Amino acid sequence: MNILAFLVVVFVVWVPTTRCQDLVRYNITEGQEAGIFVGNTAVDTKLFSSTSPEEFQLVRFQLFDRGNLNAAYFRVDNQSGVIRTTAVIDRESLCRNNLVCTVILDIAVWRQTVPSGSSEIFKTIRATISIEDKNDNPPEFPQKVVTLTMPENMPAPYRLYTSVATDADKTGENSDISYELESSSPIFSLQVDRNSDSGLPDLIIVVNKMLDREDTDSYYLTIVARDNGVPRLSGSVLVRIEITDANDNEPKFLQSNYSVDVMENASIMDPILTVSAVDRDINENGRVVYQLSSRSRRRRRKGYLTRPIDYETKTRFQFFVEATDRGTPPQSSAAFVVVNIVDVNDNAPRIQLTLSPEGTDVIENTPPGKFLGHFAVSDMDSGASGNVVCEIRDNNFRLENFDGQPNVYKIILAQSLDHEDIPVRQVTIRCQDRDKNPLISTKTFDVKVIDVNDNSPVFVQSAFTGVISENRPEGTYVQQMFGDSSNVLTVAAEDMDDGDNGRVSYRIQGFSNFSVDPLTGTISTLMSFDREVQDKYQFVVVAQDAGSPRLTSTATIIVNILDQNDNPPQFLQPAFNLDLRENMEPGSSVGSVAAIDKDSGPNSRMVYTIVRDEDNSRYFSVDIDTGLITSNQMFDREIRSSFMFSVEVQDPLVLSYRDVANVFVTIRDENDNDPVIVNPTPANNSITLPNNSTIGTTIIVIRARDLDAPESTRFDYFLERSDSDGLFQIMTETGGLILAREIHKDDAKRHVIVVGVSDGGVRPRTATATLFISIPSEGLQAAAVANILDEPNFLIVVIIISVTVLAVLLIVAAICIIFRRDKNRRAGRTQQRQVKDKMYQAAHWVSTQSLPLAKDSGSLSGHEVSRGSDSSSAEAKRSKKEVSFSLADDLEKDQEADADTSGSFGSVFSSQPVTTPENNNMKMLGEGRFVFVNGKTLSSTNSGHCYESSDSHLYQNTPVAETDDRLNLQIERRGEDALSESSGETGTDSGRGGSEDEVHSNRGSSMETGILLHVSLWESGARKKDQGRGLSVAEAS
């Protein structure tokens, strides 16, 4: 009624004020998540485009949801008019079996009047939303398992009808179902027909061949139904086809003929034969009953003997047995039976016994062989039935034939007998014939075994255990516990002998605090015991018989002393030091206080309590049984770090038994406080750093504090965040923030740095602070240059670079000088080789002609250097002459003289002038300024050195600077030791002279006396030219 009234009011108010109604249609697919966009009514009705933005801001949308249950699935934005879903929409739940699923929403559009501020409905919108189907439901059969029946032997094809599957999806291919067997079978196939009456489809299982239940009584098929949607979904049903039975099989005996033997003494109604037939049908069709066939002469109950039979009267019976089932119509079959009568042994053997005149009493331990009696046996039957065998089934006795008679036997003792084993033995003689079904006869007599003392007393158990309470007086009986009850502890021993041999008495072995009654075996005390001193006693009891000789045995007695509550509890120590970590939940374990009560069992139970007259006791509790102390609240070490209280232990059975101990509880620290940075603070966190600061400058020292214990307040400082590109670094232990590198031009700005500190707890806690560091830009470039120049390493670097460059230049210069000198040396050596060749030619000429040394100043004062006879050579060796001469002419005269004398000394040197290769400004030494001495060529240079070109000797004269421009040539004649006996040149020389080795080996070949020439050269440079030349020759005659 309330809903109806509301609708009426809305209709009355709304109809006069509305101007029009717009219709919009939307389509959505089921199964989408909540909040899916459906449509924009403002846009689709052109309301948004037909109004200005200012007017549209005054429009509101409202969904009419009263009476419309489906409106709960949607919502309308009141400002934009957009429709969205509020839940996941299931088309099958929303529209049930409808093929078309639509939801109609009525939306009121309100407009606010600007002057009055009131709102009115000026339009309604009807939105029709079509819910499109989604293939989200598989085909389903009415049942998961279906059972169908059909009779066997039905002709094919046979049709079985079953229910089709249904699909909750109702549209198109989503509900179009096809069927197939999961596993193909040649026996079965599927068919779908439409019922002519109802018009609904039927699913038919077609049986394609005749089925026999006796082969297979049931079949299982899995039918799969699939729709044609995307994706394809499927469902299945298991069909069990049971084949019902028809009476198409007759009973069949397991064998067609039966034969059985029956003893003539068989009892009436004893079964003599069992026949069996099998019918493959089931139930009544396969249930078989048996009867004697009407063709038999006797119609009696099947398979039973109905009257006594006698082998001597008739030896065989023959008849038919018929088996019939209970089907409709019944079917039957028959089997032939033969019964043979078998003769039996019906006379038992007969025994006649005669015992020994001394009787059958035997003293135990009597040796074997004692005669006890004899007997004779006979059997009335003949053949094997009259042949008798006898035995005694007791190994203590045996049978022997009596004097070779086959059926007479003696009874002999086979082994010693034990009175304690069996005092009287019953001996049974057993005789039987040798028939395959023998008859048996027995005869029995007794043998009494006389006792001797051959058994010691034996305790009923090897150890006895008893109890007695402490503090009981002397003479108290020891008790033996049996559950909750007790009796006096009595030891018992048994002796298997008879009479005095079996009468037992008791005594205690050695010294003991206990006594034993010799006849009854009861145990009593000789003193009072204290369990806390000794709680268990053990001793030995001896049992002996009265026989001869007396035999004994022993047993161990264990007596446990029971406790009495005679000891108070005591704490193990007067004070206990315990600890508890702070912030632990109430009820946390602090530790245990331990006490001991020397009593045992219930007497040792102790009750722990906290002495409540102390203020600290309210913070803790103690377990009354275990002494475990727990906290009553959560503690904060920073508020209070220790507690002290007392604990009492008491015997609950004797309240005066008590003890008290003090408990000290220390609250252990937990890292539960964050460190606090005290420098910098939010009010003082800005720093101006000069731009000329050097690396390592300490900018600020970060300081922090922590309320936790000292082991948790070891701080590690770190940079949490920095925009300075490595400009700053923090010392982790001291907290010092330092300048890590040089300040560059780009660093001149305000840097924001977040510094952090962490404590040393197991789970460290941290704190951070923000620091602002400003670096001014004024004078930064000049400061940078000044810093570089002031840097102490800068001068070192400059010096190292300068020295390196100078060293490189010196090395290059040295290399150039060495290279140039080497080049000049090679050129000089080439010229020396040329001079050497010429000197060799001169030596050759000197060896054959006289030597004109000065054309203008005369000859050699009448002396000549020539090759003479052998006497002249010997003369030359014995005497020495000195010749001196000078060359006063200019070089031009020498050249003229040399030109006039073609074979003279001068002509040898006129071919090439000699110059010094090292200095082109040096003067020519002149032609012919080379002297051949013993096959060696000496040449002079402007350096004042004289080089020997053909061996390794170097002759050094006075330098040119010290010779004062003079030239002196001196020739000395060497002595006999310089002569050589070797002959002249080799015939193969080309005129250049021999090699260096040849020159050394042929020094005397061209002259009979060796000549050593020392040449000193003085040259005046550019002023004079070859003036004052002189040559002196010393010759040994």
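The side chains of R765 and D674 meet in a salt bridge, 2.6 Å from N to O (a salt bridge being a side-chain nitrogen of Lys or Arg within 4 Å of a carboxyl oxygen of Asp or Glu). R765 sits in the loop between strand 55 (750–758) and strand 56 (766–774), and D674 in the loop between strand 47 and strand 48, 91 residues apart; strands are DSSP runs of E, at least two residues long, numbered from the N terminus. R765 is partly exposed at 29% relative accessible area, and D674 is partly exposed at 39% (buried is under 20%, exposed over 50%, partly exposed in between, with a 1.4 Å probe and protein chains only).

This is a predicted model, in which local features need pLDDT of at least 70 and side-chain atom pairs count only at pLDDT 80 or more, while totals for chains, interfaces and linings use all residues. Residues are numbered from 1 along each chain as its sequence is written, and side-chain values use heavy atoms, leaving out hydrogens and water.

## Other charged pairs

The salt-bridge count comes to 28. K123 pairs with D22, with the closest N and O atoms 3.0 Å apart.

An open sheet of four strands runs in the order 21-23-26-25 with antiparallel pairing (two strands pair if DSSP finds at least two bridges between them). Its edge strands are strand 21 (350–355) and strand 25 (397–402). Strand 25 pairs with strand 26 (residues 405–413) over six bridges, in the antiparallel sense.
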